[in-house]
Amino acid sequence: MTALSLAVRISLGSFELEVAEKLPLEGITALFGPSGCGKSTLLRIIAGLERKSQGRIVFGDEIWQTDDGTDFVPAHRRGVGYVFQDARLFPHLTVAGNLAYAEKRSRSVMSPIDLDGVVTALDLGPLLTRRPSSLSGGERQRVAIGRTLLTRPRLLLMDEPLAALDLKRKAEILPYVERLTEAFDVPVIYVTHAIEEVVRLAGHMIVLASGRKVADGSVEEVLERLDVRDATGRFEAGVVLTARVTGHDPEYRLTLLDHHGQTIVMPAADIAKGSDLRLRIRARDVVLATQRPEGISVRNILTGTICEIVQEPETAFAEILVDVGDARLRARLTRMAVAELALEVGKPVYALIKSVTFDRRALPAPPTAPALIRPG
């Protein structure tokens, strides 16, 4: 497994970026953070498109940039593919022509990536005779990804490739993106400010804020951290749990899962028994109780123990972390509720979760390119 080591910095007017990190480059790594935090700038530095950057970059055993500036491998020699927010296709060429342009220029590169494989994986066959002006936004981006893959890169950089798409187009293209690393054995660094894309696509994430790294690690580990809630966003803050499908209830159209001996139910999905799922649960969708409630519509009630409480004196709220067995849930409650329920670290509680709030992703074996399962 190739690693990418960074210790870089750059000043752009009043903005300064400084990041030191070692990326394992396995599967999809997300660069996440709010707009203006430096995600795209860091991606451009990795690609060799920011000549004013200082510091050191090492890809495997190749030195791409040295701190003293004596070595700087230009972008075209790094073997990096770059997918931009806008497709940047050649308007005078058909889809086939756009793909052929990249494929011809990279034929000397030793790589298993070929034209037929790209066309098949991205379902581009029906589009080959069309010109970019006749394509939808999602179709154009699929072609752009295909053209970039046909440069036969060793590392694929994607700079918010779905930012310009509406929800319907995003839903169409996401399954193609999540299969890239499995289909082409190319690691991906993926820039986004959308937490739902991180949860669906990435195994590892780096959180940036104001030009600095504030967290890194597996998606599960980072989303549990209460100290990065400002960077991840309070409204979409949550965690990821892994649960196993134990069966289906055809009468009520439900799928049953097990999370360390506790049952979770969700709307029926066509997922084989024994499959593991990643479930995103938002903090705003978790309610805590000190006694097991009865006579309520919520079906998912997990027992747990409070392991962390972070009060927010500047707001009405507090963030609670609850251990539910080899994983943690986040709950966002009012500080009044925390006081009146006498919540404290070590106290047993019941966590109530609405099943309709789950983002569901199946984990095949090996779990390198999971496929998203949506409610029917």
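User: Which residues does Val222 touch, not counting residues up to four places away in sequence?

Analyst: This is a predicted model. Val222 is found in helix α8, residues 219–224. Leaving out residues up to four places away in sequence, the residues that Val222 touches are Met205, Val207, Ala215, Asp216, Gly217 and Val228.

User: Is Val222 buried or exposed?

Analyst: The relative accessible area of Val222 is 1%. Buried means under 20%, so Val222 is buried.

User: How far apart in space are Val222 and Val239, C-alpha to C-alpha?

Analyst: In sequence, Val222 and Val239 are 17 residues apart. In space, the C-alpha to C-alpha distance between Val222 and Val239 is 8.6 Å.

User: At what angle do α2 and α4 pack, and is α2 roughly parallel or roughly antiparallel to α4?

Analyst: Helix α2 covers residues 95–105 and helix α4 covers residues 137–149, and their axes are 8 Å apart. The angle between α2 and α4 is about 25°. Angles under 35 degrees count as roughly parallel, so α2 is, relative to α4, roughly parallel.

User: Which residues make the contact of α2 with α4, and how do they divide by class?

Analyst: α2 passes α4 in a right-handed crossing. From α2 come Val95, Asn98, Leu99 and Ala102, and from α4 come Val143, Gly146 and Arg147. By class, the residues of this contact of α2 with α4 are four nonpolar, two polar and one charged.

User: How far apart are the axes of α4 and α5?

Analyst: Helix α5 covers residues 167–178, and α4 packs with α5 at an angle of about 20°. That makes α4 roughly parallel to α5. The distance between the axes of α4 and α5 is 9 Å.

User: Which residues of α5 make the contact with α4?

Analyst: α4 passes α5 in a right-handed crossing. On the α4 side, the contact is made by Gly138, Gln141, Arg142 and Ile145. By class, the contact of α4 with α5 has four nonpolar, two polar and two charged residues. On the α5 side, the residues are Arg169, Ile173, Tyr176 and Val177.

User: How many disulfides does the structure hold?

Analyst: A disulfide is a covalent bond between the sulfur atoms of two cysteines. The number of disulfides in the structure is zero.

Methods:
Residues numbered from 1 in each chain as written. Predicted model: local features only at pLDDT ≥ 70, side-chain atom pairs only at ≥ 80, totals over all residues. Heavy atoms only, no water. Axes fitted to C-alpha atoms, helices over the stretch in contact; angles between N-to-C directions. Helix = DSSP H or I, 4+ residues; strand = E, 2+ residues; numbered from the N terminus. Parallel < 35°, antiparallel > 145°, perpendicular 65-115°, else oblique. Left-handed = near helix turned anticlockwise from the far one by under 90°. Contact = heavy atoms within 4.5 Å. Nonpolar A, V, L, I, M, F, W, Y, C, P; charged D, E, K, R; others polar. Disulfide = S-S within 2.5 Å. Buried < 20%, exposed > 50% of the residue type's maximum accessible area, 1.4 Å probe, protein only.
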